[in-house]
Amino acid sequence: MLRYRAQDFAPIIYREGSTQGWPFAYDELEPWYTRAEKLYQVRGALGFDKTEPRHSEPFPFGPVLDEPAIARVRERLKGAGLHPFPLPLGIDVDKWLARAKTPWDAFPDTGSGKMDAESCGLSEALRHPNVELRENARVERLLLEPDGKRIMGVEATVEGERRRISARIVVLSAGAVNSAALLLASGEGGVANRSDAVGRHFMNHNCSAVLAIDPRVVNDSVYQKTLGINDFYLDDGRGGPPLGNIQLLGRVTAPILRSNIPRAPEWALSLLTRRSVDWYAMSEDLPNPESRVTVKGGQIHLDWKRSNWSAHEGLLKAFKEHLRAAGYPMLLSKPFDRRTPSHQCGTVRIGRDPKTSPLDPFCRAWDHPNLFVVDASFLPTSAAVNPSLTIAAQALRVADHIVETDLR
Ligand SMILES: Cc1cc2nc3c(=O)[nH]c(=O)nc-3n(C[C@H](O)[C@H](O)[C@H](O)COP(=O)(O)OP(=O)(O)OC[C@H]3O[C@@H](n4cnc5c(N)ncnc54)[C@H](O)[C@@H]3O)c2cc1C
């Protein structure tokens, strides 16, 4: 649960293009980052990462401790000139491990210590007596008032029955693909789409898994994922354009590896994975209007156009050089492809100009005063850190704005 870096809010020049930045600076969002870290009970420590943005308060909890095997990895990386920092995490590791000694990364919450949208966000919202959760409900389209300005409500299938739900304010939060698809499917030319930007600028990080293997050393860690590295985040380490972030993954096991190398025997894969330290390398994907979600004949089409790939290759090269220097002679890496778009965003972006962005800086549709789109769609840039804390911070900021401006 990392914050975007302050520099991510300003224009950045990359090897293969540039970003325009955000319609506001990091300091505008900072108070809500602090609130989001409290809501998600983020564990972390300040002062280890040179790219760290200003924090008005420390993390609500101290960092998740390195397991002994990972503490040794940290020292080896430091010896090779890197600056690993404690990865901010939404996990109560004692509670999680009390249930079973498994990694948590990519595991859904089991009610035992992992902070997610259900265990933190939804459960907090449901404490309010005026909040109702309707399960098995699928929104089919947004309904417009006859004047085409205000949103009347939504049409939804609830428990198999088609219903109309009216509302004074509609907040659409169906994720970067489904929010765009719903807007596009809800009217001629799409709802909130005067800019023709809905569905465009789809971004998804350029990511790779990197397995660093030292055949002499067994990695007996369970959860592993406590380190991040931002040495190549603001530049390439030599003053050139930024490359990205690196962080540990949850443990890669033989069955996981076998899905990528199906012919290899499991015992051989076990030999590798027991000795590997597993990393996740992430680089920014840049907004491109031709990278887009469209709806044709009721079907969602995703045409993701990767960008900035050479920065990602540069990140892998720089990281592998340091891993070799740290004593890991065997290095395997594999990019995540379009079947694993875990950080998708950008399709209904915020901006200052209604001609180029569907939403204003508070995620309110320029075209419809009672419509907000608050999910990963609003992100005007993908940065090169995991997105969920930034989405949560902006959601809290938008909610306060709705209350303060008495839009309710
Ligand atoms: C395996 C995996 C691991 C990840 N790990 C991290 C991580 O460590 N850190 C991090 O920051 N991010 C992580 N992410 C990314 C993060 O989960 C997403 O960026 C984030 O959840 C996006 O939030 P969202 O609100 O845009 O969409 P979602 O969280 O996808 O929420 C959208 C919701 O809308 C619902 N919905 C969609 N369409 C409709 C409809 N028509 N009607 C009704 N409901 C609808 C969906 O069911 C869903 O509940 C990970 C993602 C994956 C897949």
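# Strands, rings and voids

Student: How many bridges join β10 to strand β11 (residues 276-283)?

Tutor: In this predicted model, β10 and β11 run antiparallel. Asn245 has Met282 as its bridge partner in β11. The number of bridges that join β10 to β11 is four.

Student: Which residue of β10 stands opposite Gly228?

Tutor: Strand β9 (residues 227-229) also runs antiparallel to β10, and two bridges join them. The residue of β10 that stands opposite Gly228 is Gln247.

Student: Which residues of strand β10 point the other way from Asn245 and Gln247?

Tutor: Side chains in a regular strand alternate between the two faces of the sheet. Strand β10 covers residues 245-248, with Asn245 and Gln247 pointing one way. Both directions hold buried residues, and those pointing the other way are Ile246 and Leu248.

Student: What is the bridge partner of Val158 in β6?

Tutor: Strand β5 (residues 151-158) runs antiparallel to β6, and six bridges join the two. In β6, Val158 has as its partner Glu161.

Student: How far apart in sequence are the parts that the aromatic pair of Trp22 and Phe378 ties together?

Tutor: The structure holds eleven aromatic pairs. Trp22 and Phe378 form an edge-to-face pair, at 6.0 Å centre to centre and with 85° between the planes. Trp22 lies in the loop between β2 (17-19) and α1 (26-39) and Phe378 in the loop between β15 (371-373) and α9 (388-404), so the parts tied together are separated in sequence by 356 residues.

Student: Are Trp22 and Phe378 buried or exposed?

Tutor: Ring pairs link both residues into a cluster, which also includes Tyr4, Phe9, Phe24, Tyr26 and Tyr33. Trp22 and Phe378 are both buried.

Student: Is Phe336 buried, partly exposed or exposed?

Tutor: Tyr280, at 6% relative accessibility, counts as buried, since the cut-off for that class is under 20%. Phe336 has a relative accessible area of 25%, and the range from there to over 50% for exposed residues is the class in between. Phe336 is therefore partly exposed.

Student: What volume does the second largest cavity have?

Tutor: The structure holds two cavities of 30 Å³ or more. The space in the second largest cavity is about 50 Å³.

Student: How many charged residues are in the lining of the largest cavity?

Tutor: The largest cavity has a volume of about 100 Å³. Of its 14 lining residues, the closest to the centre are Leu2, Arg5, Glu52, Phe59 and Pro88. The lining has eight nonpolar residues and one polar residue, and its charged residues number five.

Student: What is the volume of the second largest pocket?

Tutor: By class, its lining has five nonpolar, six polar and three charged residues. The volume of the second largest pocket is about 250 Å³.

Technical notes: Residues numbered from 1 in each chain as written. Predicted model: local features only at pLDDT ≥ 70, side-chain atom pairs only at ≥ 80, totals over all residues. Heavy atoms only, no water. 1 Å grid on protein atoms, 1.4 Å probe; cavity = no way out; pocket = protein on both sides within 12 Å on 5 of 7 lines; lining within 4 Å. Points joined across faces, edges and corners; volume = space filled by probe spheres on them. Nonpolar A, V, L, I, M, F, W, Y, C, P; charged D, E, K, R; others polar. Buried < 20%, exposed > 50% of the residue type's maximum accessible area, 1.4 Å probe, protein only. Pairing = 2+ DSSP bridges. Phe/Tyr/Trp six-rings, centres within 6.5 Å; stacked < 30°, edge-to-face > 60°.
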